[in-house]
Amino acid sequence: MSKTPRPPMKLKFRIPAPPSDGPVIEQLPAHKALVGGGAVHRALPQSKRRLIGGWCFFDHMGPMSISAEAMDVPAHPHIGLQTVTWLLSGAIRHKDSVGSDQLIQPGQLNWMTAGRGIAHSEEGETPAGQIMHGVQMWVALPDAHRHREPAFEHHPALPQRTFGGLRVTVLAGELDGARSPASTYSPLFGAELSVEAETPARLPLRPDFEYGVVVLQGGARIAETPLEPNVLVYLGRGRGALDVSGRPGTRIMLIGGAPLEEPVLLWWNYVFRDPEEALAARDDWAEHRARFPDVVGYAGGRLPAPPPFRVR
Ligand code: MN
């Protein structure tokens, strides 16, 4: 437990905006946050929109010179979610409490299922003078799967498709017969779109899925809307296709899925339904209990648990 008494934080959990039945364009600028000493642009959650399918968190890291910010995150816990790491540049070493030790590099996918509880560390291993650039996203596990055993997957290569001038790498779910090997527990989609030529592309979408896009670098025109980096665009449901064009070199994340119509709550590194679950998991981490074993082979210490909150 924390030795210095602090006034308990009060948390108010907002009801998220309902998924749109039809196509919309909602432009929601990402806000800045600090993670592991590095500045990120956080595109999800936002006060107006907390979920897109099962996606509940979206951090755009960099691009940044790692001489200034090494991007080290000490051992910390997660429950109720999956973490998804994807790099455009640089390298991160992942270690966790189920024994994984994995370097991730651009074009590869780290996909960690926290389930009932896992601890992991993330250490920047980008060589000096190179650029760190990537995303980390979280997927809320549906109720039927959120207490499952923790697991970690590394996928060194992912399926790709070409549409017009666009090369599409499928991170989650399926597109035009290209299916990601990542384990998903709700109907989910995620892809990186890389503009290789100015030829416009039309991507097939599922009308029953809601979607969102974030430009990571460059500039693009998506569903008739000109877009610059670090704006989350919520596209709603009811689209059978998405028109995309951009300057060569542009990189875009496209996320989507069937609306997860469950009362998902998020606090610190936890996704849960009842605030008492988060407080119990907070105490389990603070007291070093068996739910969160040590990160195997990591000597860099543990991130302290934040003070408990009070619900209002
Ligand atoms: Mn983490």
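Me: By class, how many nonpolar, polar and charged residues does the lining of the largest pocket have?
Reply: Happy to start there, with the reminder that this is a predicted model. The largest pocket has a volume of about 480 Å³, and 25 residues line it. Split by class, the lining has four charged residues, seven polar ones and 14 nonpolar ones.

Me: Which lining residues are the closest to the centre of the largest pocket?
Reply: The pocket in question has a volume of about 480 Å³. Of its 25 lining residues, the closest to the centre are Val35, Arg42, Phe57, Trp138 and Asn269.

Me: Which strand gives the most to the lining of the largest pocket?
Reply: Good one to check in your viewer. Strands S3 (31–35), S5 (55–65), S6 (73–78), S11 (118–124), S12 (131–140) and S26 (265–267) each supply at least two residues of this lining. With four residues, the strand that gives the most is S6.

Me: Which residue in S12 does Thr83 stand opposite?
Reply: Strand S7 (residues 81–89) and S12 run antiparallel and are joined by eight bridges. In S12, the residue opposite Thr83 is Trp138.

Me: What is the average twist from one strand to the next in the sheet with the order S2-S23-S20-S25-S18-S15-S14?
Reply: Here we have an open sheet of seven strands, paired in the antiparallel sense. From one strand to the next, the twist averages 25°.

Me: Which residue in S15 is the bridge partner of Arg161?
Reply: S14 pairs with strand S15 (residues 166–172) in the antiparallel sense, over four bridges. The bridge partner of Arg161 in S15 is Val168.

Me: Where is Pro45, which a cis peptide bond joins to Leu44?
Reply: Most peptide bonds are trans. The bond between Leu44 and Pro45 is cis, with omega about -5°. As for its place, Pro45 is in the loop between strand S4 (38–44) and S5.

Me: What value is phi of Asp176 near?
Reply: Most residues other than glycine have a negative phi. Asp176 is in the loop between strand S16 (174–175) and strand S17 (178–179). Its phi is positive, in a residue other than glycine, and near 50°.

Me: Over which residues does pLDDT stay under 50?
Reply: The protein averages a pLDDT of 93, and 93% of the residues score at least 70. Where pLDDT is low, the predicted coordinates should not be read in detail. The stretch with pLDDT under 50, for which the model has four contacts beyond four places in sequence, is residues 1–6.

How values were computed. Residues numbered from 1 in each chain as written. Predicted model: local features only at pLDDT ≥ 70, side-chain atom pairs only at ≥ 80, totals over all residues. Heavy atoms only, no water. 1 Å grid on protein atoms, 1.4 Å probe; cavity = no way out; pocket = protein on both sides within 12 Å on 5 of 7 lines; lining within 4 Å. Points joined across faces, edges and corners; volume = space filled by probe spheres on them. Nonpolar A, V, L, I, M, F, W, Y, C, P; charged D, E, K, R; others polar. Pairing = 2+ DSSP bridges. Axes fitted to C-alpha atoms, helices over the stretch in contact; angles between N-to-C directions. pLDDT = per-residue confidence, 0-100. Contact = heavy atoms within 4.5 Å.
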